[in-house]
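Subject: The model, and what I found in it

Hi,

Here is the structure I promised to pass on.

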Amino acid sequence: MSEKKQETSELLTKAAETLKRELAKLDDKRAILRSPTLTGLCSQLRTLPQEERAAFGKALNDLKSEVAGWVDASQDDVKLQPIDVTAPFDVNTPANHKPSLLPARDGSKHPLMVELEYMIDIAYRMGFAIEESRLIDDDYHMFESLNFPEGHPARDDYDTFMTTDGLIAPAHTSTMQNRVLKKYAGNLESGNPIAVLVPDRVFRNEDLDVTHEHTFYQFEGVYVDKGITVGNLIATLQALLSSYFGQALKAKIQPFYFPFTEPSFEFAIERPESLRKGDTEADMWLELLGCGMIHPNVLKAAGIDPAVYTGFAWGGGIERLVMMKYGIEDIRHFESGKLDFMRQFS
Ligand code: FA5
C-alpha cells in the first residue's frame, strides 16, 4: 500500500470510530449523517490534489454507506421493539423526556376489572366456563337469534351505535347466547350442562345519569340441561350474588319482558341509602339483572331441542354491583379518569 493510501485508510478508520461513538449518543440516529466528522471529510476531499481525489472519494463513499447501514440497523431495532399501546407515553421516548405522571410502580388495576375478575372467579368455582363477548357484532346475534324478528318493537329498548355498513356495537352480552349455546352443545350430548359466563363491555345510546352510562359492563349467565326450572335460576343467582357481596341479600324478583326469555324477570336488590333518590317503593330498589328461562326459539336457533332441554339466562350490569358494594353514588365516576376516585381502590 502506498504511503498516501495508508494515510487515507487510517484517517477514515479513525473517523469511523468517532462516528460510532457519536451515533451511540444520538436519540435521532439519522443526525449522524450530518455529523461534522463526515461533513469535514467531504470538505477535505475538495481541497485534495486531483490525482488523490478519486481514491479518497471512493473510501469516503464506502464510509458513508457503512454509516447509513448503522442508521438503518438502529431503526430496525426500534421497529422490532414491541409497543405497549396501553402505556401513557411512547415507549421509545428517551428516559429524560418521559412524563413522571404515572410511574408504573404506582399503577393498579381499574376497580371495574378487579370486581369483574372477582365475579369471574366465583362463577368459575361454580362450574361456569368463561367466554368473552365482542365489541362489534351483527344484526343476527343482536336481534334475530334472540327472537326479535325484524320490526319487533322491543328492538327499540336496545338503542345502540352502528357502523355505516350495518355492524352493531352490542347493547348487551346476550349477543353471545347463540354462540355459546352452539359452542357448548356437545356438553349436553355427553350428559353435562351448558354453563357459561360472558362478562364484557356493552354500549347504549342512553340519557346519562347517576345509574346510566353509554358504555358499561355486563355479565351474562347461560345454563342449559334437562329439567332446569325457575327454581334453579333463583338459587344460582342468589348463590352467585351472595358470594360476591359476602352477605345475605334482600332480593326481589318481578315479572318482566324480554323476547329471548319466557317467563322473564327483573331481579332487584335493596338500594343503600346513598343511592336513594327518594322514599317511594321504586326508589328503594336497584335493578341489577334481567333474567328468565331461555325462550324455545333461542334454543332452536342454536340447534338445541327445547322439548328435551330447558335453561335459564341472566344479564346484569357490573357497575351497578360495584356501586352497591362500595356505596358509589354516581356511575360516571368509573370512566371519568379521575385519579382521586381510582386511588381509593388501589
Ligand atoms: C338486558 O340487557 C338483557 N340482555 C338481560 C337479560 C339477559 C335478560 C339474559 C334475560 C336473559 P337490561 O336492558 O335490563 O337487560 O340490562 C341488564 C342490566 O344491565 C340492568 O339490569 C342494569 O344492571 C344494567 N344496565 C342496563 N342499562 C345500563 C346503563 N345504561 N348503565 C349501566 N348499567 C346498565
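The helices (H or I, at least four residues) and strands (E, at least two) are DSSP runs, numbered from the N terminus.

Two housekeeping points before I go on. This is a predicted model, so local features need pLDDT of at least 70 and side-chain atom pairs count only at pLDDT 80 or more, while totals for chains, interfaces and linings use all residues. Residues are numbered from 1 along each chain as its sequence is written.

**More on α4**

The buried residues of α4 are P111, E115, L116, M119 and A123. Seen down the helix axis, they fall within an arc of 130°, so they line one face of α4. (The arc is that of the directions from the helix axis to the C-beta atoms.) As background, an α-helix has 3.6 residues a turn, so residues three or four places apart point the same way.

What do the buried residues of α4 pack against? Their partners are β2 (194-203), β3 (215-225), α8 (230-245), α11 (318-326) and α12 (339-343). Contact means that the C-beta atoms of two residues, placed from the backbone, lie within 7 Å.

The length of α4 works out too: at 1.5 Å a residue, the 15 residues of this helix (111-125) should span 21 Å, and its end C-alpha atoms are 21 Å apart, which agrees. The expected span is 1.5 Å times one less than the number of residues. After α4 comes G127, with a positive phi near 100°.

**Helix against helix**

α4 and α11 pack at an angle of about 95°, and their axes are 10 Å apart. That makes α4 roughly perpendicular to α11. On the α4 side the contact is made by P111, L112, E115 and L116, and on the α11 side by I318, E319, L321 and V322. These residues divide into six nonpolar, no polar and two charged.

Axes are lines fitted to C-alpha atoms, for helices over the stretch in contact, and angles run from 0 to 180 degrees between N-to-C directions. Under 35 degrees counts as roughly parallel, over 145 as roughly antiparallel, 65 to 115 as roughly perpendicular and the rest as oblique. Nonpolar covers Ala, Val, Leu, Ile, Met, Phe, Trp, Tyr, Cys and Pro, charged covers Asp, Glu, Lys and Arg, and polar covers the others, Gly among them.

Another pair is α1 (residues 3-25) and α2 (residues 36-47), which pack at about 150° with their axes 9 Å apart. That makes α1 roughly antiparallel to α2. A15, T18, L19 and E22 of α1 meet T37, L38 and L41 of α2.

**α8**

In α8, L233, T236, L237, L240, L241 and Y244 are buried. Down the axis of α8 they fall within an arc of 115°, so they line one face of the helix. G231, A235 and A239 are exposed on the other side. The cover over the buried residues of α8 includes α4, β3, β5 (261-270), β6 (285-294), β7 (310-317) and α11. Just after α8, G246 has a positive phi of about 65°.

Most residues other than glycine have a negative phi, and most peptide bonds are trans. N147 is not a glycine, yet its phi is positive, about 70°. Where is N147 found? It sits in the loop between α5 (139-142) and α6 (177-183), and it counts as buried, with 20 C-beta neighbours inside 10 Å. E262 and P263 are joined by a cis peptide bond, with omega about -5°, and P263 belongs to strand β5.

**Two single residues**

L299, in helix α10 (residues 296-301), counts as buried with 22 C-beta neighbours inside 10 Å. Not counting residues up to four places away in sequence, L299 touches L181, I294, I304, P306 and Y309. N187, in helix α7 (residues 185-189), is partly exposed, with 16 other C-beta atoms within 10 Å.

Cheers

Methods. Buried ≥ 20, exposed ≤ 12 C-beta atoms within 10 Å, placed from the backbone.
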